[in-house]
Amino acid sequence: MTKCHCLMADDHPVVRRGVRDLLEAEGLCSKVHEVGSGQDALEAIRQAPWDLLILDVALPDVHGLEVLKEAKRIQPSLPVLMLSLYPEKEFALRAIKSGASGYLTKESAPSELVVAVRQILKKGRYITASLADQLAMAFEYGETGSSHASLSDREMQVLRLLGKGKPVSVIAADLHLSVKTVSTYRARILEKLSCQNTAELIRYALDARLAD
C-alpha cells in the first residue's frame with residue numbers, strides 16, 4: 001500500500017467511509033483521516049503535513065473553495081481533489097484556478113476517482129474533457145464566456161440557492177450568514193447580471209443550469 005496520508009473533508013459519514021474504503025482497498029492510501037467540517041480540515045492541516053486532501057465544496061461551516069485557498073496557503077504543495085455534488089460547470093474552473101489538482105462530481109464512477117487520485121499523487125492534475133474545454137475557453141477569452149463568470153465564489157453560491165427558490169432568510173441560515181449580508185450579495189448579483197428582481201435571478205439560474 002502506498003504510504004499516503006489522506007485527509008478527507010465531507011459532512012456525510014457514508015461518503016467519507018466509501019471513499020476511505022475505496023482508497024484503502026486500491027492500496028492508494030495507508031491512512032485516511034476523516035473530518036466533517038471546513039474548520040476541522042484546516043485545523044488538521046495546521047497540525048500535520050498531508051499527502052492528499054479530498055475536499056467537498058458544500059461543507060456546513062466554511063465554503064469548500066475558501067477552505068481550499070486557506071489550505072494552499074498553509075501547505076502550498078498539498079495536492080487537493082475536489083469531490084462535490086455541484087456540477088463541473090459551476091465550480092470546477094474556480095477550484096482549479098484556486099489551486100486544486102482536480103475536480104470530480106460525486107456521480108463519477110469509483111474507477112474514475114481511483115484514476116484521479118493516482119494521477120494527483122504523481123504530482124499531476126486530473127482534468128476531465130469538459131473541464132479542459134472550460135480551461136481552453138478561459139485561456140482564449142480570459143473568461144468562461146458567461147455573465148456569471150464575473151461573480152465571486154460566494155455570489156455564485158448565493159445565486160445557486162436563489163435559483164432553487166430559497167428565500168434570503170433560509171440562505172442566510174444555510175450559509176451561517178446574516179440576512180443583511182445575503183441581501184447585499186443578492187444586490188451585487190442583480191447588478192452584475194443586469195437583473196431587476198429575484199424572479200429574474202431565478203430564471204437566469206435555471207436557464208444557465210446553475211440550480212441543478
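User: Before turning to the sheet, how many bridges must DSSP find before two strands pair?

Analyst: Two strands pair if DSSP finds at least two bridges between them, and the strands themselves (E, at least two residues), like the helices (H or I, at least four), are DSSP runs numbered from the N terminus. This is a predicted model, in which local features need pLDDT of at least 70 and side-chain atom pairs count only at pLDDT 80 or more, while totals for chains, interfaces and linings use all residues. Residues are numbered from 1 along each chain as its sequence is written, and side-chain values use heavy atoms, with hydrogens and water left out. Here, 5 strands with parallel pairing form an open sheet, in the order E2-E1-E3-E4-E5. Strand E2 (31-35) and strand E5 (102-105) each have a single partner strand, so one side of each lacks a neighbour in the sheet. From one strand to the next the twist averages 20 degrees.

User: Which residue of E5 stands opposite Leu81?

Analyst: Leu81 faces Gly102 in E5; strand E4 (residues 80-84) and E5 run parallel and are joined by 4 bridges.

User: How is the packing of H1 and H5 to be read, and at what angle do these helices pack?

Analyst: Axes are lines fitted to C-alpha atoms, for helices over the stretch in contact, and angles run from 0 to 180 degrees between N-to-C directions. Helix H1 (residues 13-25) packs with helix H5 (residues 110-121) at about 65 degrees, their axes being 11 Å apart. Contact (heavy atoms within 4.5 Å) is made by Val19, Leu22 and Leu23 of H1 and by Pro110, Leu113, Val114 and Val117 of H5.

User: What is a nonpolar core, and which residues have the most contacts inside the largest one?

Analyst: A nonpolar core is a set of buried Ala, Val, Leu, Ile, Met, Phe, Trp, Tyr and Cys residues joined through side-chain atoms within 4.5 Å, where buried means under 20% relative accessible area, exposed over 50%, and partly exposed in between (1.4 Å probe, protein chains only). In soluble globular proteins, nonpolar side chains tend to be buried together. The largest core in this model has 48 residues, and Leu55, Met82 and Leu159 have the most contacts inside it. Helix H7 (residues 153-163) gives the most to this core, contributing 5 residues. A second, separate core of 20 residues includes Leu52, Val117, Ile120 and Tyr126.

User: How accessible is Arg17?

Analyst: Arg17, which belongs to helix H1, has a relative accessible area of 46% and is therefore partly exposed. Between Arg17 and Glu34, 17 residues apart in sequence, the C-alpha to C-alpha distance is 8.4 Å.
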